[in-house]
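Q: I have this one open on my screen and would like to go through it with you. Could we start with the packing inside and then move on?

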Amino acid sequence: MGLIVQKFGGSSVADADRIRNVARIITETYRRGHRVVAVLSAQGDTTDDLIAKAAEINPNASKREMDMLLSTGEQISCSLCAMAIEAMGYPVVSLTGWQAGFRTNSSYGDARIKRIDTERVLAELDKNTIVIVTGFQGLNKYEDITTLGRGGSDTSAVALAAVLHADLCQIYTDVDGVYTADPRHVKGARKLEEITYDEMLELATLGAQVLHNRSVEMAKRYGVNLEVLSSFSGKPGTKVKEVAKTMEKLHVSGVACDKNVARVAVVGLADEPGIAFKIFSLLAKERINVDLILQSIGRNNTKDISFTVSIQDVERCKQLLDEHRDFLQFDHVDVNDKIAKVSIVGAGMVHNPGVAAKMFEALYNAGINISMISTSEIKVSVLVDINEADRAVQVIHDRFFHEFGGN
């Protein structure tokens with residue numbers, strides 16, 4: 001039979017009963033004749049609790065020491081799961097990220113995987129042992145523990161599936177697949193049987209929290225056969241693949257909402273070549289990611305440039321711009337952190353004119369104002385007032401996925 005990598009998120013291993021449930025899923029897969037590597041996140045709110053503990057001791061702790069601390073969460077869940085599998089009578093071993101061969105760069109708190117030395121994992125699999133691996137972590141060239149940042153366990157699982165040439169990588173979460181919108185907040189959201197890597201990557205980047213975008217990028221790059229499913233329901237999940245069979249049928253595959261954004265407007269810039277380069281190269285050097293960008297038409301020899309950044313970066317962004325005000329020559333910076341980015345995604349949009357118009361019509365009919373728009377071949381994103389965000393998602397979803405016929 002095949003090799004299957006299974007990843008279980010924090011909610012799937014939150015307590016003893018859920019750990020036993022995860023152990024049951026893993027051993028059932030093993031009993032069907034598959035070799036199994038399972039990647040686990042920390043239990044429930046463990047990571048947040050550890051961050052709070054660190055703040056009690058030193059609110060300005062170094063990123064290296066934070067990685068040392070945060071890596072313990074996954075070790076706890078993995079060892080407990082291995083104990084549960086032991087109690088069921090199956091051969092199992094739990095491995096830390098570095099024991100499993102994860103080697104990373106030295107960006108503490110947000111490390112990137114450089115390579116995975118698979119000897120230990122393959123040796124355990126050759127002994128017909130179930131392998132449990134801590135997600136989210138690795139070791140750098142200084143032999144220091146590093147963590148992979150938000151969504152790191154998803155990335156760990158997909159990376160292992162890629163280097164081990166796994167037949168399938170299953171991402172177990174608290175929803176039973178990828179939906180047309182967040183089913184916890186949007187009435188009528190439907191589960192998709194399949195979705196393309198590109199669509200899933202856009203949805204993940206735009207605020208859908210089912211998969212982290214780094215893991216989807218890696219799955220696409222290495223052709224990993226990916227499935228998102230629930231650790232609680234036992235139902236079939238959503239397949240993420242290069243070409244989805246529903247691609248030609250659905251113009252839009254999903255609606256996403258990201259409330260973790262702020263709009264920055266640089267007002268009164270000189271209307272001359274090179275201004276945009278000066279602004280965005282300055283932000284890039286500080287590793288501040290910019291998303292939607294809008295430049296006004298020049299007037300009175302000045303122009304405005306507006307763009308979005310994450311809430312976490314907005315204060316540093318404004319500070320950086322103010323520090324270089326003389327160099328950039330602008331009047332002032334306006335910040336609006338009471339906004340949300342609402343997006344539609346669909347591979348079929350490129351061949352179907354009028355999709356954006358339907359989205360704008362839905363917002364117009366609901367009396368929701370749009371402040372910025374960004375488009376690509378497979379997505380349309382708009383900025384709306386944060387108080388209107390949930391309603392915007394619902395009316396857009398209703399427009400494309402109404403009860404009789406979809407889009």
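Q: What is Cys169 in contact with, leaving aside its neighbours within four places in sequence?
A: In this predicted model, Cys169 is in contact (heavy atoms within 4.5 Å) with Val5, Ala157, Val158, Ala161, Val224, Asn225, Leu226 and Glu227. Residues are numbered from 1 along each chain as its sequence is written, and side-chain values use heavy atoms, with hydrogens and water left out. Because the model is predicted, local features need pLDDT of at least 70 and side-chain atom pairs count only at pLDDT 80 or more, whereas totals for chains, interfaces and linings use all residues.

Q: And which residues have the most contacts inside the largest nonpolar core?
A: Those are Val37, Cys169, Met200 and Leu211, in a core of 43 residues. A nonpolar core here is a set of buried (under 20% relative accessible area) Ala, Val, Leu, Ile, Met, Phe, Trp, Tyr and Cys residues joined through side-chain atoms within 4.5 Å. Helix α5, residues 152-163, gives the largest share of this core, with six residues; helices are DSSP runs of H or I, at least four residues, and strands are runs of E, at least two, numbered from the N terminus.

Q: Switching topic, where does UniProt put the "binding site"?
A: The unreviewed UniProt entry places that feature at Lys7, Phe8, Gly9, Gly10, Thr173, Asp174, Tyr179 and Arg184. Positions are in the numbering used here, feature names are shortened, and annotations may be inferred rather than shown by experiment.

Q: Take Gly9, then: buried or exposed?
A: Gly9 is buried, because its relative accessible area is 9%. Gly9 sits in the loop between β1 (3-8) and α1 (16-31), and, not counting residues up to four places away in sequence, it touches Ser41 and Tyr172.

Q: How does Asp174 count, by relative accessibility?
A: Asp174 counts as partly exposed, because its relative accessibility is 38%, and that class lies between the buried limit and exposed, which is over 50% (1.4 Å probe, protein chains only). Asp174 is in the loop between β9 (168-173) and β10 (194-196), and, with residues up to four places away in sequence not counted, it touches Ser11, Arg184 and Phe232.
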